[in-house]
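The sequence and the structure come before my entries.

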Amino acid sequence: MDLTSKYFNGIDWRYIDHSSGLEPMQSFAFDDTFSESVGNGASSNVVRTWIHQHTVILGIHDSRLPFLHEGIRYLTDVRGYNAIVRNSGGLGVVLDQGILNISLIFKGKNEVTIDEAFTVMYLLIAKMFEDEDVEIETHEIEQSYCPGKFDLSINGKKFAGISQRRVRGGIAVQVYLCVEGDGSERASMMKDFYAHALNGAATKFKYPDIDPQCMASLETLLGREITVQDVMFQLLYALKDLGSRLNMEPITDEEYTRYDGYFDKMIERNAKINQKMN
């Protein structure tokens, strides 16, 4: 069975629109909540859209930067960005109103490889932009922020990065799509963040040596005006074209109870980082 048939054709997807009104820590708690719901069979697959104001989402490795407090101080005082540490792997990424995040949450454990889970997201993104005269490539853009094997790029310029997290039999694959604005300017900010947070210190872990020119927004790469709202519609159209059945079942009381627990864990994780900075 090909992956399109396995994950989309004739498959139920529950659409959750969180494009406004949430704080970033809430988003990661909700993805864990829905992963558990999907994993235990209480929910069909979930597709979730989320957008957040000026925030840098740091990965676990970032939390170990030798001068993290200096890097965060630069983000907040100079750039006006908040910073939180997420519960999935990878390194720091930028979120703002021009960036659309999509989570695909489906059932799976060890029988679903990491590459297969990433490929499911790639297939959907490729479908969303199939009418554009561009080729979306998947390979690591080493000098981007949060570089990874499944970076999405056009003509060598990265516009999206994919991460995944596995919780209680559910897999959450998350992508950020740099849609509007200046992708290279966001990369420049992250380059400066690492300069402050490393401050010339040697580390065992190799943090990215960012070249801002290797990142761009879809608006720039496609050479036309495109909004986050446009891409949200393209997402829903692509799911339908792939044969998916969409529903908008509400969040249940049980899920809200479970969410409270995951949200508390996010708060605890970030409180530890804040303690290190004081």
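I looked up M215 and found a relative accessibility of 4%, so M215 counts as buried (under 20% relative accessible area, with exposed over 50% and partly exposed in between, for a 1.4 Å probe and protein chains only). I noted that the model is predicted, that local features need pLDDT of at least 70 and side-chain atom pairs pLDDT 80 or more, while totals for chains, interfaces and linings use all residues. Residues are numbered from 1 along each chain as its sequence is written, and side-chain values use heavy atoms, with hydrogens and water left out.

I placed M215 in the loop between α5 and α6 (218-222), where helices (H or I, at least four residues) and strands (E, at least two) are DSSP runs numbered from the N terminus. Leaving aside residues up to four places away in sequence, M215 touches S144, Y145, K158, Y176, G183, S184 and A187, contact meaning heavy atoms within 4.5 Å.

I then turned to the sheet, which is open and has three strands in the order β4-β3-β5 with mixed pairing; two strands pair if DSSP finds at least two bridges between them. Because β4 (82-85) and β5 (93-95) stand at the edges with a single partner strand each, one side of each is left without a neighbour in the sheet.

I saw that three bridges join β3 (residues 55-58) to β5 and that these strands run antiparallel, with V94 in β5 as the bridge partner of V56.
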